[in-house]
Amino acid sequence: MYAIIENGNKQYKVSEGDVVRVEKLNAEVGATVEFKVVMVSADDGIKAGADVANAKVTAKVEAQDKFKKIIVFKYKPKKNERKKQGHRQPFTAVKIEKISL
């Protein structure tokens, strides 16, 4: 059984027991969060739309961290114009505990 959840304008395919890195959430480590369900694939087939209006995916917050640094380098040739920046995107690691219909 798996579900497609939505968070931060992105969609993630999750199963029970998965650890997923989602967009940063305002939740403490150890807190329980719920996600909006877009689709559920169960033993009796695929359900979406109005069929999953009451479906819930509950997860436990495992960590608040940042991804590995990426380098953003902009330059204009022949003008001696260079700009180097680094960026670390924050994320929340959650462990999927239960998918309920």
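Start by selecting Lys-36 and Glu-6: they form a salt bridge, with the closest N and O atoms 3.5 Å apart. A salt bridge here is a side-chain nitrogen of Lys or Arg within 4 Å of a carboxyl oxygen of Asp or Glu. This pair links distant parts of the chain, 30 residues apart: Lys-36 is in strand 4 (residues 32-42) and Glu-6 in strand 1 (residues 2-7). Strands are DSSP runs of E, at least two residues, numbered from the N terminus.

This is a predicted model, where local features need pLDDT of at least 70, side-chain atom pairs count only at pLDDT 80 or more, and totals for chains, interfaces and linings use all residues. Residues are numbered from 1 along each chain as its sequence is written, and side-chain values use heavy atoms, leaving out hydrogens and water.

Colour by accessibility next (buried under 20% relative accessible area, exposed over 50%, partly exposed in between; 1.4 Å probe, protein chains only). Lys-36 is exposed at 56%, whereas Glu-6 is partly exposed at 28%.

Move to Lys-10 and Glu-23, another salt bridge, with closest N and O atoms 2.5 Å apart. Lys-10 lies in strand 2 (residues 10-14) and Glu-23 in strand 3 (residues 19-23), so the pair ties together parts 13 residues apart in sequence.

Then select Glu-81 and Lys-76, whose salt bridge has its closest N and O atoms 3.8 Å apart. The whole structure has five salt bridges.

Finish at Ile-71, in strand 7 (residues 70-76). Ile-71 is exposed, at 54% relative accessibility.

Technical notes:
Helices (H or I, at least four residues) and strands (E, at least two) are DSSP runs, numbered from the N terminus.
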